[in-house]
Amino acid sequence: MKFKIPLKNGDIVYTIEECKIEKYFVEGFELKENISISDDISNDIIVKLERYNDGTNSYKINLRLSKCFLNKKELIEQLEKM
């Protein structure tokens, strides 16, 4: 099975954290150990993120790919569907 992750290291993604839109920088990826066999594996891919990306401050977090959006507009559209 082939699939392509629409992100690469250094890209910016947006997510919701404590009712705010937050910007993060992609640092890497990992696949969960027990993946589900389905068409959508975005819940099985973990994205390693860094908030500041300035070499001084650091705040790292791991989120599922399904919780990361390429831009604010895409994130807001998803929220409107809920």
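In which loop is Cys 19 found? Cys 19 is found in the loop between β1 (12–17) and β2, where strands are DSSP runs of E with at least two residues and helices are runs of H or I with at least four, numbered from the N terminus. The model is predicted, so local features need pLDDT of at least 70 and side-chain atom pairs count only at pLDDT 80 or more, while totals for chains, interfaces and linings use all residues. Residues are numbered from 1 along each chain as its sequence is written, and side-chain values use heavy atoms, with hydrogens and water left out.

**Loop residues with positive phi**
- Cys 19, a residue other than glycine, has a positive phi near 65 degrees.
- Cys 19 is exposed, at a relative accessible area of 79% (exposed means over 50%, buried under 20%, partly exposed in between, with a 1.4 Å probe and protein chains only).
- Asn 53, likewise not a glycine, has a positive phi of about 55 degrees.
- Asn 53 is placed in the loop between β3 and β4 and is partly exposed at 47% relative accessibility.

**Nonpolar core**
- The largest nonpolar core has twelve residues, including Leu 7, Tyr 24, Ile 45 and Cys 68; such a core is a set of buried Ala, Val, Leu, Ile, Met, Phe, Trp, Tyr and Cys residues joined through side-chain atoms within 4.5 Å.
- At least two residues of this core come from each of β2 (20–31), β3 (45–50) and β4 (60–64).
- β3 gives the largest share of this core, three residues.

**Segment after the helix**
- Met 82 lies in the segment after α1 (72–81).
- Met 82 is exposed, with 77% relative accessible area.
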